[in-house]
Each structure stands twice: as structure tokens, then as C-alpha cells.
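Dear colleague,

I am handing over the structure below, and I would be grateful if you could look through it alongside my notes on its salt bridges.

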Amino acid sequence: MVSDEELLQRYPAISDLARLAKRRMPHFAWEFLDSGTGEDVSKARNRSRFDAVTLTPRFMQGEFAPELSTELFGSEYSAPFGIAPVGMNSLAWPGTDRILARTAARHRIPYSMSTAANETIENLGKLADGMGWFQLYPPRNPNMRVDLLARAREAGFTTLLVTVDVPVISRRERQMRAGVGGGFRLSPSMVWQCMTRPQWSMATVSEGKPRLPSLERYSPTDDLQTFLAFVGEELNGTFDWSYVDSIRNEWDGPMVLKGIMSAADAQEAVRRGVDGIMVSNHGGRQLDGAPASIEVLPEIAGAVGGQARIILDSGVRGGMDIARSLALGADFVMLGRAFMFGAAALGERGGEHTARLLRTDLSNVMSNLGCRDVASLRDRVASAG
């Protein structure tokens with residue numbers, strides 16, 4: 001078996017994992033994972049705005065090993081980054097939810113389970129071993145919401161991420177062209193794509209067709225298309241500030257609003273008792289004209305003024321981007337596609353490799369900047385682009 005060090009030599013960057021993942025996945029599955037919305041301008045903007053941020057190194061610091069451990073919401077994590085929620089991630093590679101939950105437990109970093117995960121709340125909470133965060137797409141039915149939160153709490157999830165930036169699902173034209181927009185039905189073209197990706201197909205057959213088992217108990221029917229329509233109707237379009245108040249009253253742990261892109265919304269969230277603000281444009285998947293998350297991060301961090309913890313999401317592809325985010329005001333960073341690329345590229349070893357790659361990369365960046373710990377990154381910004 002290839003050693004961990006050999007894997008780092010073969011695939012030293014997230015971009016290497018992305019290229020391998022694309023070769024191993026059917027086209028429609030790749031489009032589901034990689035696409036943004038519209039012309040993918042917002043997704044590309046995430047990248048270009050990160051690239052525009054420069055940091056100033058300070059030398060003559062002597063010999064040191066950067067300290068990556070980070071405290072957040074009363075928990076100690078081994079690094080200032082974690083795994084962002086991604087729904088239906090078995091399309092990338094079967095069993096990805098379990099792979100990433102185990103990765104989080106071993107590396108002591110957060111794993112965020114999506115409401116639309118392909119595994120149960122109860123099983124993933126156990127696998128994450130105290131490192132689990134639960135992401136909620138706010139349902140219309142308050143009884144369903146209360147039950148989901150109770151199950152997450154009972155399963156050991158410590159932190160609640162409430163996604164606020166999906167009033168409606170965006171059109172995601174690349175997915176529509178690939179056949180995965182709306183109801184999921186296998187076309188002859190998709191069947192052929194599966195045949196040309198035998199490893200993915202055999203793993204999928206072994207795992208079984210992707211399901212949303214945590215939501216099935218709430219559905220009025222077992223029919224797949226009716227169930228998907230129920231999920232689409234139940235989890236969209238109802239969110240407002242009174243809903244934030246309801247969740248705040250029902251969840252007694254740390255609560256983060258995911259998808260905040262304006263300082264005014266961040267300040268209102270703090271007034272409502274929210275513990276964290278996740279600055280995110282949903283990976284460029286919701287509004288093609290939205291700014292990059294890294295663009296609005298400094299303003300939001302300044303407006304919050306330390307009254308809530310700031311988490312950056314969207315477009316992060318390595319240790320350099322993590323360092324840039326922390327330098328511009330984030331307390332923590334979450335990565336979605338990066339970990340998905342790892343799982344799709346390397347299967348069971350993909351989560352481990354991605355976490356190790358990011359730790360190695362961030363440590364190297366901090367050493368070259370002369371930063372002994374995460375906090376010292378704050379005085380390294382040369383230009384925010």
C-alpha cells in the first residue's frame with residue numbers, strides 16, 4: 001500500500017485531488033459537485049479574490065514549529081479549519097459522509113453534517129466522536145425542526161449551523177445540462193457515464209442508491225420523486241429573523257448562521273444571540289452576482305467586533321487560503337469541495353489525505369510568514385486585493 005508520505009508526493013495540492021476525482025466520477029456527478037450557478041462567475045470570483053490577497057513575511061524569527069491548535073465555542077481543535085457541510089455527497093464517492101466523519105474524529109477537526117446527508121444523524125454523530133456540527137436547512141414544519149434538533153443533540157453534535165442563504169434553490173445550469181437538476185432520473189447517457197467509471201459504479205452498487213435517511217421518517221410517501229419534491233418544498237423559502245429566534249430558543253449550544261454576506265445581517269444576528277457568523281456565498285452556487293466571501297470578510301469581522309466568532313467558507317483550496325482568511329479576520333475556516341475532491345479521488349483514504357495535506361500546507365505557509373501561531377497572522381496583510 002502507498003504510504004501517507006508517498007500520497008503527499010503524488011497529490012501535494014487540492015487541485016491534484018480535483019483532477020483525479022474528475023477522472024474517477026461520472027460526468028453528471030462531477031457537475032453536481034463542481035458547478036456553481038449561472039456562468040460560474042461567482043465561483044471564479046472566489047478564486048480570483050483569494051489570489052489577490054497578499055501577506056508580508058517577517059524573517060529572523062529563529063527555529064519554531066507553528067502552533068495550529070485553535071479554540072472555538074469552548075472546544076479545542078487541532079487546526080483552524082474543518083469540513084463544511086455538503087449535501088448528497090455520495091454522488092462524489094459512496095460513503096463519503098462516513099469517511100469524513102471518521103477523518104474529523106481522528107484529526108480532531110469539525111465535521112459538519114448536512115441535513116441532506118446520505119447517512120443518518122445518529123450514525124454520523126457517533127462516528128464524529130464529539131467533532132460533529134449539524135447543518136440545518138430550516139424546515140417549514142416546526143415539529144420537524146424540533147425533532148431534527150433533538151436528534152442532533154442526542155447524537156452528540158455540539159454546534160448548529162443554520163443555512164440562511166437558500167431562499168430558493170438556484171438554477172445551477174451546469175447541473176441541469178448534466179441531468180441532475182430537479183428530480184433525479186438516470187438517462188441512457190448517465191448510465192453510459194456510469195459504465196465508463198467502473199470503480200465509482202461498483203462502489204455505488206455496493207453502497208446502494210443515495211438516500212436521505214435522516215429525512216425519510218418525515219415524508220408522507222416512500223416514492224422517490226414524491227419524497228424529493230417533499231424535501232424541496234419543506235426546506236426552502238421560510239427563513240426570517242423570527243425563525244432565528246425560534247431556533248435560538250430550541251438549541252442550547254453554539255449556533256452559527258451560515259451564508260451571511262452583509263455587515264448589517266451580521267450585526268442583527270449578534271443582537272439575536274447568535275454565537276457565530278459563517279461568511280459564505282455557498283461556494284458560488286446560489287447567486288452568480290454575489291461578491292466573494294473573502295471580499296466581504298473584513299467588513300463583517302469589523303462590524304461584529306468580537307461579539308461573535310467569524311468563520312469563512314467558500315473557495316478555500318489550501319493552506320495559503322486558510323492563512324489569508326485568518327489574516328483578514330476569520331477565527332476559523334471551513335472547506336467543502338476540497339474534502340469532497342479528496343474522498344472522490346482516494347476513497348477511504350481521501351479524507352485523511354486532505355486533512356494531512358492542509359495541515360502540512362498551512363504549517364509551511366506560517367513558517368514562511370514567520371508566524372508562530374494562528375493569532376500572529378493578523379498583522380501580515382499586505383494587500384486585500
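Glu173 and Arg171 join their side chains in a salt bridge, with N and O 3.4 Å apart, the term meaning a side-chain nitrogen of Lys or Arg within 4 Å of a carboxyl oxygen of Asp or Glu. Glu173 is buried at 16% relative accessibility, while Arg171 is exposed at 56%; buried stands for under 20% relative accessible area, exposed for over 50%, and partly exposed for what lies in between (1.4 Å probe, protein chains only).

Please bear in mind that this is a predicted model, in which local features need pLDDT of at least 70 and side-chain atom pairs count only at pLDDT 80 or more, whereas totals for chains, interfaces and linings use all residues. Residues are numbered from 1 along each chain as its sequence is written, and side-chain values use heavy atoms, with hydrogens and water left out.

A salt bridge also connects Arg378 with Asp331, whose closest N and O atoms are 3.5 Å apart. Arg378 sits in the loop between H18 and strand E12 (381–383), and Asp331 in the loop between helix H16 (319–327) and strand E11 (332–335), so the pair ties together parts 47 residues apart in sequence; helices (H or I, at least four residues) and strands (E, at least two) are DSSP runs numbered from the N terminus. Arg378 is partly exposed, at 41% relative accessibility.

Glu352 and Arg106 form a salt bridge at 2.2 Å, N to O, and both belong to a network of salt bridges that also links Asp4, Arg349 and Arg356. Glu352 is buried at 14% relative accessibility, whereas Arg106 is partly exposed at 47%. In total, the structure holds 32 salt bridges.
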